[in-house]
Amino acid sequence: MKTVCVIGTLDTKGQETFYIKELIEKLNLNTFVVDVGVFESEFKADFTNQELVELVGEDISEIVKKNDRAHATEILAHAMSVALPKLFEEKRFDAVISLGGSGGTSIATSGMRNLPIGVPKIMISTMASGNTSPYVGTSDIIMVPSIVDVAGLNIISRQIFNNAVHALAGMVNYETKLEADDKPLIAASMFGLTTPAVSSAMKYLEERGYEVLVFHATGTGGRTMENLVENGFFKGVLDITTTEWCDELFDGVLNAGPNRLEAAGLNAIPQVVSLGAMDMVNFGPFDTIPEKYKDRTFYKHNPTVTLMRTGIEENKLLGEKIAEKLNMAKAETVLIIPTRGLSGIDIEGGPFYGKEEDEVLFETIKANLNNANVKVIEMDVHINTDEFAHRAAQELIDLIEK
């Protein structure tokens with residue numbers, strides 16, 4: 001019989017946690033309750049808060065004495081990040097569910113994020129209708145809006161809890177064992193405005209026996225790709241679309257953090273890199289653009305996305321950053337520069353065509369590269385051509401086969 005881990009702050013959400021525990025057991029599943037509360041529990045857990053904090057060298061009684069909620073939340077979240085993967089490796093549970101407000105969500109998801117992809121994970125939360133990236137990160141946590149506060153049982157909360165439990169039971173009871181094939185996995189980065197290039201390269205690679213996983217370069221996509229590359233999932237990386245650095249440096253909304261474009265290089269994984277969509281910074285609706293950019297060149301991609309053309313000074317900074325990351329590469333890396341444009345709108349006659357801006361980017365990168373592992377190829381083509389895509393794909397194959 002499968003077991004579900006139920007995480008709850010049993011000092012404040014004991015009634016609600018116990019209700020979920022009973023729902024799960026009525027579906028012929030075992031439960032394993034983990035207490036992430038601070039004070040005395042409303043019912044006995046299978047894994048107590050004292051056992052939890054001991055894993056990180058703390059004592060729950062000392063935490064109680066401090067009576068500092070922020071301090072307690074920080075310790076419990078850290079403890080969960082250690083405990084939950086450990087308990088899973090010990091085969092104590094097969095799936096996990098939790099419920100809570102901002103504190104409970106922070107604590108529970110700290111552990112959930114460290115579980116393998118594919119392990120069913122549901123977080124019922126008051127925070128689920130807002131920005132969930134701090135809780136989900138690069139994992140596959142399912143966030144369920146609690147609609148009402150997680151405070152007591154009522155006609156709405158009971159319905160939400162029942163739906164979430166039955167969804168989890170479905171994932172547990174109807175688990176599909178996917179058989180991995182022997183095809184080497186390739187990670188590729190794509191954006192709407194580099195889709196033709198990546199699609200063509202993907203087809204080229206698949207025809208030659210590779211399987212390509214495409215990540216949308218929207219911040220979360222880049223972080224997820226870096227995480228999976230670092231964890232050894234891929235034989236090679238086709239990082240055609242490095243646009244997330246534009247947002248990281250210039251206030252855009254699709255940034256992937258300061259470690260983008262590092263994992264493959266630092267882990268000596270073959271990579272082919274290009275400069276896809278580095279002609280643009282992504283903002284939300286036009287009225288959300290920072291005042292300092294108001295006189296720039298914009299393109300309204302859709303009602304909720306406004307693109308800003310990167311300028312000369314920005315391309316100098318971008319060039320320095322790309323060179324900095326490529327200089328970290330511990331194995332052969334290829335940078336391919338398509339000199340006739342970097343996106344679907346950075347093309348002669350297009351709204352973001354900027355030969356001078358692009359050349360500043362190219363020259364700055366070349367001037368700052370000092371790593372003998374990096375080979376630079378310049379092609380007199382646009383990025384969204386089969387010629388570029390096939391060359392990029394073949395260069396990656398050559399690196400992998402070496």
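**Strands, spaces and single residues**

Visitor: How many of the five residues of strand 12 are buried?
Guide: Strand 12 is largely enclosed by the rest of the structure. Buried means under 20% relative accessible area, exposed means over 50%, and partly exposed lies in between (1.4 Å probe, protein chains only). Strands (E, at least two residues) and helices (H or I, at least four) are DSSP runs, numbered from the N terminus. Of the five residues in strand 12, the number buried is four.

Visitor: What kind of model is this?
Guide: Residues are numbered from 1 along each chain as its sequence is written, and side-chain values use heavy atoms, with hydrogens and water left out. Local features need pLDDT of at least 70, side-chain atom pairs count only at pLDDT 80 or more, and totals for chains, interfaces and linings use all residues; the model is predicted.

Visitor: Which strands stand at the edges of the open sheet of three?
Guide: The sheet has the order 10-12-11, with antiparallel pairing. An edge strand here has a single partner, so one side is left without a neighbour in the sheet. That describes strand 10 (280-283) and strand 11 (298-302).

Visitor: By how many degrees are neighbouring strands of the sheet 10-12-11 turned against each other on average?
Guide: The order 10-12-11 is antiparallel.

Visitor: Which residue of strand 12 is the bridge partner of F283?
Guide: Strand 10 and strand 12 pair in the antiparallel sense over four bridges. The partner of K300 in strand 12 is T306. For F283 the partner is also T306.

Visitor: Which residues point opposite to T333, L335 and I337 in strand 13?
Guide: Strand 13 (333-338) is mostly covered, with six of its six residues buried. In a regular strand the side chains alternate between the two faces of the sheet. T333, L335 and I337 point one way, and the other way point V334, I336 and P338.

Visitor: What is the bridge partner of I337 in strand 14?
Guide: Strand 9 (271-273) and strand 13 run parallel, joined by three bridges. There V272 is partnered by V334. Strand 13 also pairs with strand 14 (374-379), parallel, over six bridges. In strand 14, I337 has as its partner E378.

Visitor: What is the volume of the largest cavity?
Guide: On a 1 Å grid over the protein atoms alone, a cavity is a set of points where a 1.4 Å probe fits but cannot get out, while a pocket is an open set with protein on both sides within 12 Å along at least five of seven lines; lining residues have an atom within 4 Å of a point. Points join across faces, edges and corners, and a volume is the space filled by probe spheres set on them. The structure holds one cavity of 30 Å³ or more. The largest cavity has a volume of about 50 Å³.

Visitor: Which element gives the most to the lining of the largest cavity?
Guide: The lining includes M225, E226, V229 and R260. Helix 9 (220-230), strand 8 (236-239) and helix 11 (263-266) each give two or more residues. With three residues, the top contributor is helix 9.

Visitor: Which residues lie closest to the centre of the second largest pocket?
Guide: This pocket has a volume of about 370 Å³. Of its 22 lining residues, the closest to the centre are T9, T12, V38, R69 and T73.

Visitor: Why does T3 count as buried?
Guide: T3 sits in strand 1 (3-8). Beyond four places in sequence, T3 touches residues including F32, R92 and F93 (contact means heavy atoms within 4.5 Å). T3 counts as buried because its relative accessibility is 13%.

Visitor: How far apart are the C-alpha atoms of K235 and L399?
Guide: K235 lies in the loop between helix 9 and strand 8. At 53% relative accessibility, K235 counts as exposed. K235 and L399 are 164 residues apart along the chain, yet their C-alpha atoms are separated by 9.9 Å.

Note on methods:
Pairing = 2+ DSSP bridges.
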